[in-house]
Amino acid sequence: MREGGFILSLDAVFALLLTTMLVAAAVKLAPPILGYQEHGYERLSRFASDALLCLERRGALSEAIGMLARRVPLPENAKLILRENLRSLLPSYLQFRLDIGLPPHLQAKLKTEKLTVYPDDSPAWPGAFENLEEVAACTRVTVDFVILENLRILAWVDENDENIFLDNIHNLRPNWIFIRTNDETYFRSLISQLNENTPHVVFLPDVDNSFALATRLALERGNRNGWYGVVGGGATMLNNNTPEFQRIFAARLRTSRTQTQDILIVDNTHYLTENFQVGENIPYLDTMPQYRYEPQRRLGRPVYVLAQSYWTPKPPRRRDNSAILAKDSLTEISPGVYRRERATLFNTHFVESATQGVGENQWLTLAIRALEWSSRKKPEFEPVTLYVWRGPHA
Amino acid sequence: MWKSESRGSKGQIFTLDVFFAVGVFALALGLLGSSFGELRGRVEAYWSGYSLERTANDAADVLVYTCGTPSDWADRPESLKVPGIAENWRNLTLKCSIDLWRLARLREILRSGNWDSSPAKESISRMFGGERFWIRVGLREAVFVAGSYRESEMILWSFWPRWQPGQSQPSGFENASKVVVVRRPILLRTGRVLWENYIEFADAGTRENEFEFWLSQFEYDAFDLYIRVVSDPDPAYRVDNVSLGINEDPPEDPVADTEDGYIYNSSMGAENAFPNPFPAGHGVIHGGIENDVWLEEPFEPGSNELEYRVTGDANTWALLQLVELPACSPPSLALMDPKCVRTGFLEVVLWR
């Protein structure tokens with residue numbers, strides 16, 4: 001009696017059955033929709049990066065950081081601006097957390113290491129954030145904390161309206177230290193060497209005299225060595241149109257005119273003018289002259305024309321006139337060691353215009369930004385991170 | 001059991017076990033086939049969804065991150081290879097900032113009557129994986145009011161291949177089996193300022209002037225033109241009236257000279273735009289000056305003229321702006337400051 005094969009075929013049937021069950025189980029256990037896990041996160045990630053970009057490009061980030069740095073108005077207003085903008089940029093089914101790292105001096109003042117903004121002030125947000133399963137993050141770096149505490153400014157003051165103008169700046173920047181003088185010997189002693197008394201920036205709003213060669217050389221050397229920046233305006237170049245000053249400001253004085261129009265901002269990508277719109281008009285006292293400067297662009301020493309004015313010497317021919325010139329030179333003096341040489345030149349008597357109420361706020365803002373930008377202190381880089389996730393309000 | 005016996009030997013041909021085995025085998029085979037069928041369906045659905053998601057995502061990237069290829073495609077639409085609509089500022093692409101000129105050009109290419117003959121049809125279709133796509137651009141704003149945030153959204157421009165004014169969605173969209181919507185946050189302006197003039201009265205008086213301009217056929221089709229009049233919120237510093245002549249002298253009488261243009265007066269508020277849905281604004285609810293049937297000589301392709309006369313007391317002021325809104329925009333948009341950068345969204349919708 002032969003019965004071989006029966007047991008084997010039963011084994012085979014069991015094996016087949018088992019295999020089939022495993023395959024079926026694998027199919028059943030496969031994720032129902034694979035799309036969300038991949039695309040869902042990608043979408044979150046895009047929302048985070050795009051929203052942060054829009055926040056920065058719209059100026060909301062700068063405005064909020066400026067509020068934090070100046071603490072005027074209250075830092076809570078910075079939160080409000082950031083929150084309104086982020087809620088406008090992100091759909092309501094997305095929640096967010098924005099962290100802005102603060103530089104040490106602000107950490108001490110605001111008693112926190114970073115500013116954190118959630119969709120509202122509910123105390124439940126930090127707990128909800130800690131327990132998130134899926135969150136996308138995007139980080140950028142800001143240099144807006146260039147606004148400095150204790151910035152030391154050496155100002156040449158030979159008219160009373162310059163004192164008034166400086167007082168107005170001081171009201172807005174109470175922590176800045178102003179050294180005012182019209183004594184050339186003292187002035188030269190402060191700019192000739194690098195020590196604790198060396199200014200961060202030399203402010204020459206409207207110099208009515210011609211400096212001695214020794215002063216001009218000292219100023220040029222200090223600026224070239226990156227000890228301090230220089231901000232000039234009014235008749236400073238008219239009275240000192242020398243090779244030293246031409247090198248400091250990277251501009252040469254051609255002539256002066258009075259029949260000119262107001263100043264127009266032509267570039268707002270620069271730190272000086274980023275609070276303004278391209279084409280924005282800066283009112284100027286039309287009884288005061290404007291100067292025509294020719295930018296001296298050389299290799300490695302770029303000069304940015306941030307604003308222009310126009311006049312018509314032979315109508316209808318209209319000529320452009322550089323109204324705000326910003327020189328920014330970065331030279332590598334040894335491997336990894338850079339020297340920054342900055343100077344800003346206004347072609348206007350902006351002090352007179354501001355003190356007589358023509359474009360006062362705009363000229364003050366521009367002068368403050370020029371002093372900040374031209375100062376030799378390095379900017380502080382702070383991270384800004386936006387986290388985005390799906391979910392209901394906390 | 002079925003047995004056969006012959007010549008003293010016994011054989012077992014088919015047993016119940018065999019039937020059982022065959023039955024189980026058939027069942028297992030059927031289950032396997034069904035499982036593979038289900039698996040195949042899932043894989044197909046996944047790849048179908050994946051490719052739709054991928055295409056929508058990539059198309060949204062191209063639209064908001066680039067100004068297109070070539071970068072001047074909006075001035076030479078026949079050269080279009082990739083239709084980006086981001087702003088280009090001094091050869092710098094401003095990601096996520098929408099350029100209305102490019103947006104308007106893309107809408108015109110897609111408009112019914114233009115799409116089928118457009119040389120850009122192939123490159124646009126390739127980018128969206130076919131003609132089943134829909135682009136929506138809108139404003140979104142959250143404002144902190146009385147202790148809470150009020151969020152609002154408004155779709156401004158919605159277009160797809162062969163879109164027509166008045167349609168709310170593409171034909172065939174309601175029967176879609178799968179829909180993918182990709183949204184991106186953007187910055188945008190509501191209009192373009194073609195011309196503006198600020199008028200200030202140190203003493204009471206009247207100012208009269210004119211502005212001549214050339215309107216191309218594209219601008220005429222792609223944009224609606226409105227005149228925006230802005231004066232001081234305080235009536236004491238608001239001009240008395242502004243008379244706006246459209247290719248005619250400024251009208252003297254708001255009723256008798258209706259066909260010549262529009263008249264703004266201080267009672268209309270600090271801001272107004274013409275034409276508008278009210279009788280003094282010609283009751284137009286759609287289409288701008290060039291579509292205002294009340295006018296004898298509305299703006300047309302070619303040379304046009306805006307003549308204006310402003311009357312005000314001492315210390316009053318007015319700002320006049322000729323604003324272009326993308327065609328078929330809500331007229332209320334003309335009231336918004338066109339220079340203000342606003343937050344919004346762009347959505348790319350794809351379906352099968």
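Let me start with a definition: two residues are in contact if their C-beta atoms, placed from the backbone, lie within 7 Å. What you see is a predicted model, in which local features need a pLDDT of at least 70 and side-chain atom pairs count only at pLDDT 80 or more, while totals for chains, interfaces and linings use all residues. Residues are numbered from 1 along each chain as its sequence is written, and chains are lettered from A and ligands numbered from 1 in the order in which they are written.

With that in hand, we can turn to the two chains, where 36 residues of chain B are in contact with 34 residues of chain A. On the side of chain B that touches chain A, at least two residues each are supplied by helix H1 (16-65), strand S4 (92-98), strand S5 (133-145), strand S6 (148-159) and strand S7 (179-188) of chain B; helices (H or I, at least four residues) and strands (E, at least two) are DSSP runs, numbered from the N terminus. H1(B) gives the largest share of that side, 16 residues. By class, the side of chain B that touches chain A holds 20 nonpolar, 5 polar and 11 charged residues, where Ala, Val, Leu, Ile, Met, Phe, Trp, Tyr, Cys and Pro count as nonpolar, Asp, Glu, Lys and Arg as charged, and the others, Gly among them, as polar.

How confident is the predictor in chain A? The mean pLDDT of chain A is 82, and 81% of its residues reach 70 or more, pLDDT being the predictor's confidence in each residue, from 0 to 100.

Next, the interior. A residue is buried if 20 or more other C-beta atoms lie within 10 Å of its own, exposed if 12 or fewer, and partly exposed in between, with C-beta atoms placed from the backbone. Of the 352 residues in chain B, 37% are buried. A nonpolar core is a set of buried Ala, Val, Leu, Ile, Met, Phe, Trp, Tyr and Cys residues joined through C-beta atoms within 7 Å; the largest one has 105 residues, and those with the most contacts inside it are A:Ala51, A:Val388 and B:Val348. Helix H2 (residues 35-57) of chain A gives the most to this core, with 8 residues. Leaving aside residues up to four places away in sequence, A:Ala51 touches A:Leu86, A:Leu89, A:Leu90, A:Leu386 and B:Pro185.

Finally, the sheets of chain B, which has 4 helices and 16 strands. Two strands pair if DSSP finds at least two bridges between them. One open sheet of 4 strands runs in the order S8-S15-S10-S13 (chain B), with antiparallel pairing, and its edge strands, which pair on one side only, are strand S8 (192-201) and strand S13 (271-274) of chain B. S8(B) is joined by 9 bridges to strand S15 (residues 316-326) of chain B, and B:Trp195 stands opposite B:Leu322 in S15(B).

Another open sheet of 4 strands has the order S9-S14-S11-S12 (chain B), again with antiparallel pairing. There, 11 bridges join S9(B) to strand S14 (residues 302-312) of chain B, and B:Glu210 has B:Glu307 as its bridge partner in S14(B).
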